[in-house]
Amino acid sequence: MSIEISNVNKYFGDFAALTDIDLTIPTGQLTALLGPSGGGKSTLLRVIAGLEEADSGTVTIEGADATALPVQKRNVGFVFQHYAAFKHLSVRRNIAFGLEIRKRPRAEIDAKVEELLELVHLTAWAERKPAQLSGGQRQRMALARALAIEPSVLLLDEPFGALDAKVRKELRDWLRRLHDEVHVTTVFVTHDQEEALEVADQIVVINEGRIEQVGTPDDLYDRPASEFVLGFLGPVTRLGGDLIRPHDIEISRYEQAATATGPITRWTRVGFEVRLEITPDDVLHPDPVQVALTRTEARALDLHLGDQVWLRPAVGAQTVTT
Amino acid sequence: MNGITTARPDAAPAAPSRPRRRARRSTLTRASGVGLGLAVVWFSLLVLIPLAAVVIAAAEGGWDTFVGTITDGDTAAAIRLTVVEAALVTVVNVVMGTVIAWVLVRDTFPGKRVLEVVIDLPFALPTIVAGLVLLSLYGPDSPVGVNLVNSRQGIFLALLFVTLPFVVRTVQPVLLELDADVEEAAASLGASRATTFRRIILPALAPAITAGASLAFARAISEFGSLVLIAGNQPRNTEVASLKILKYIEGDQQAAAASVAVLLLLVAVLVIVALDLISRRVAARG
Amino acid sequence: MADTIPSPIDGALTAPARRGVRSRRGPLALVLRTVVVLYLFFLVAWPVSLVVQRAFAPTGGQPGGIGPLWERLTDPAAVYAFYLTLTVSFWAVVINTIFGVGISLLLVRHRFPGRRVLSVLIDLPMSVSPVVVGLALVLTYSTSLGIFGDVLQTTGLRIINSTPGLIMATAFVSLPLVIREVIPVLEEVGEDAETAARSLGANGWQTFWRITLPMIKWAVVYGVVLSAARAIGEYGAVRIVSRGAEFNGETATLLIQNEYGAFNEAAAYAAAFVLVVLAVLALVVVTVLRPQESHRS
């Protein structure tokens, strides 16, 4: 196993940033640390990198105890949200930096840098300064710079957080494909559940300094271990005594065996999706129930604002009883 | 292009209510034109004509007189002393100024805010008071028994005092703006703290250090007030250029005074250009 | 792979949130801190505090305390010197403020031939040695050898060795201070409000008094404080253009020099004490005003 974290605690003053963290990160996989901001995920990443020292516990990287190793000796590649470009150096010199520090022969450095420039598609920009690059290009440069030292693990702290939505999506796909090619153990921090679900092999959900759940994207989405995980990975509504995803609710205009019934009190159309609010008149539902369906489904069911409808969980829907 | 065209509200050419800046060479109204005229006349009377008068006075006697004046034994010694002291003071400022800025930005300790005020004091104090201030600790009645009056060390000290804030105040904001990320990135790539400082931080600070050093040097070679009481004014020993100028003026040798003044100006420009070249090299090397 | 890698135009980026570097506590940090504190203590803090102390202490056989200090400061020569300094500083600051605000508006809000040259030249006075400033004014306005000497002779107007010369010398050395503060603020606030005011029918004068001036108010005040501090403390240029004798062109700074030279150190320290207090006061005002300025917007 590539990274073993056991019993790690970290305090900033009185604030418990990490509490009793035990985690195994498998070799060669892409792991996402997912959670709300301020939840401790970045701190955990920094503890793994050695940028932050844990108050207690151990970190083992590829079988070797790294707890006491300074960041310089851990051989980790770290990518920052805001690129952390060396502004006075060209793209080429940025990428070569780690190898120059390691005093590799010039020819080897040149060859390696050339290869990485190719990999991140920056060959044409090699002599530019970071200021002349776009955000996406800078982040690819930062990635190449981290990969140059052939790290045992690659750590990315909200790597796409500073980019706009479209670039973020493109880089996300690109990272996934890059990982399939390079196969370095990768851990990345994100607060975007869609990003985690789409890219990661394994997701670690962290909230308030504790690990909520570890699993594959499907595990987490289909079998959330807690109300928090259910809520964090997607929209949730309350139907009867259970929490359920709005698109897992079956809706009908005709009276049938149902968990709740009431009129459609709100109708919002977002692209292909139709979001409804149904306000049942019973004590179980103090708040309106949210239901999501496609426009086609809504049309097929002949639904209209104000219609009386009957709701029940769809077959196979995941619910969490509270 | 997807072929969809949408009317954009800003697409219609707006009738310009005011003439475009680029369109005309001048945007002066009559009133502001008169204002500009008055301002330029005053600026010329106060600054431009008098400074031109200095250059004219230096040039009036011709090249030989100019060279004769500045190579005259006492004067040459005064100029040499001034430039050497200013250079030494600049070097100390580059090191100490950077260190002080570093401590103010990166360190936290009680009383740090007092230091901030202390650093600005040399700017705020009148120069003659600065001289008196130094005399009180390093003069004849020194409580520590150090008397630097009439010595080159005294000049050095006075120049250190009046130039203290330059490098600190130019480096400090740049250091504040430096991203922690960048240093951490260097560390994660294996760079030690010394290497990170040399290859990442120093190149980023180089332009600010140079700017501060240039200001300090320019101030040091032209410093006058703080040296009057402490320098002693002994020809070929503790007489600096500005005091030599004063001596020439008081001896009614205005042309000679102007020659020294012009030379000092030239030296300042030369050094500032040289420092800028060095800074560019440091910033590009990494 | 990655055929869809975005092109150079791909990166709109949000403003990076900067995180400061946390201080690391190591032996080196402690060494540096100690060095800095000692350096500043011996170079600035201790000497300045000694001046204050000496203003109250008995020196040169004269008694110490607040009473004698007050006596030295109310000595007619000292009163004359401070009065002259204040008069000269007042006029220099008034001139610099009017000129500074005017030239800032012209440089920022207008385009005219020679604008760039003017904006470079405006900074010149700060980099000229005070002695040279004095020399320059003497070479221009002295009745005997100045460029305008003959004119002044015939009109009977005296500049050098007289109060106008003192005002000019003081205005010269502090000239860019108001401009340096006002120009960045004018550039930052932009023209929108002024354009709006004009569109509502305000004429140039009304726009200036009701819109522009309130926006740059704090920058002007800040510049005025800096100019005043510089003006009160000016020594070198003043020394050259003034006779500097008792009751005859002796400003506060010249008084310090003269008294110290005459071995009357008590009087020198007393006057120096007042100037130190004024300098510290200016520093305090400036630090208080800084946040005001950033709240502006």
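Q: How many helices and strands make up the secondary structure of chain C?
A: In this predicted model, chain C has 13 helices and zero strands. Read from the N terminus, its elements go α-α-α-α-α-α-α-α-α-α-α-α-α.

Q: What makes up the secondary structure of chain A?
A: Chain A has nine helices and 18 strands. Its C-alpha atoms fill a box of roughly 80 × 45 × 30 Å along the principal axes.

Q: What percentage of the residues in chain C count as buried?
A: Of the 297 residues in chain C, 49% are buried. For chain A, the figure is 52% of 322 residues.

Q: How do you know which contacts in chain C join residues at least 24 apart?
A: You take the contacts between residues at least 6 apart in sequence, and 69% of them join residues at least 24 apart. In chain A, with a separation of 6 or more, residues 24 or more positions apart account for 65%.

Q: Which residues have the most contacts inside the largest nonpolar core?
A: Those are B:Ile100 and B:Ile245, in a core of 163 residues. Helix 3 (residues 76-109) of chain C gives the most to this core, with 13 residues.

Q: What does B:Ile245 touch?
A: Leaving out residues up to four places away in sequence, B:Ile245 touches B:Ala257, B:Val260, B:Ala261 and B:Leu264, along with C:Val131, C:Val132 and C:Leu135. Each of these counts as a contact because heavy atoms come within 4.5 Å. There is also a second, separate core of 47 residues, which includes A:Leu34, A:Leu119, A:Leu178 and A:Leu233.

Q: Why is helix 7 of chain C called largely enclosed?
A: Ten of its twelve residues are buried, so the rest of the structure largely encloses helix 7 of chain C. Among those buried residues are C:Gly165, C:Leu166, C:Ile167, C:Met168 and C:Phe172.

Q: What do the buried residues of helix 7 of chain C pack against?
A: They pack against helix 1 (30-60) of chain B, and against several helices of chain C, including helix 3, helix 5 (130-141) and helix 10 (204-233).

Q: What span does helix 3 of chain B reach, and where is its kink centred?
A: Helix 3 (residues 73-106) of chain B has 34 residues and reaches 49 Å from its first C-alpha to its last, close to the 50 Å expected. The kink in helix 3 of chain B is about 25 degrees and is centred on B:Asn93.

Q: How many residues of chain B are in contact with chain A?
A: 20 residues of chain B are in contact with 22 residues of chain A. The two chains bury about 1800 Å² between them, 61% of it on carbon and sulfur atoms. B:Ser188, B:Leu189 and B:Arg199 supply 36% of the area that chain B buries against chain A, more than any other three residues.

Q: What makes the phi of A:Glu208 worth a look?
A: A:Glu208 has a positive phi of about 50 degrees, although it is not a glycine. Most residues other than glycine have a negative phi. You'll find A:Glu208 in the loop between strand 9 (202-207) and strand 10 (210-215) of chain A.

Q: Why is C:Asn161 called partly exposed?
A: The label covers values between 20% and 50%, and C:Asn161 has a relative accessible area of 29%, so it belongs there. C:Asn161 sits in the loop between helix 6 (149-155) and helix 7 of chain C, with a positive phi of about 65 degrees.

Q: Why is C:Trp218 called partly exposed?
A: C:Trp218 has a relative accessible area of 28%, so it is partly exposed. C:Trp218 lies in helix 10 of chain C. C:Trp218 and C:Val185 are 33 residues apart along the chain, and their C-alpha atoms are separated by 9.3 Å.

Key: Residues are numbered from 1 along each chain as its sequence is written. Chains are lettered from A and ligands numbered from 1 in the order in which they are written. This is a predicted model: local features need pLDDT of at least 70, side-chain atom pairs count only at pLDDT 80 or more; totals for chains, interfaces and linings use all residues. Side-chain values use heavy atoms; hydrogens and water are left out. Helices (H or I, at least four residues) and strands (E, at least two) are DSSP runs, numbered from the N terminus. Buried means under 20% relative accessible area, exposed over 50%, partly exposed in between (1.4 Å probe, protein chains only). A nonpolar core is a set of buried Ala, Val, Leu, Ile, Met, Phe, Trp, Tyr and Cys residues joined through side-chain atoms within 4.5 Å. The expected span of a helix is 1.5 Å times one less than its number of residues. The bend at a residue is the angle between axes fitted to the seven residues ending there and the seven starting there. Buried area is the accessible area (1.4 Å probe) that two parts lose on being put together, summed over both.
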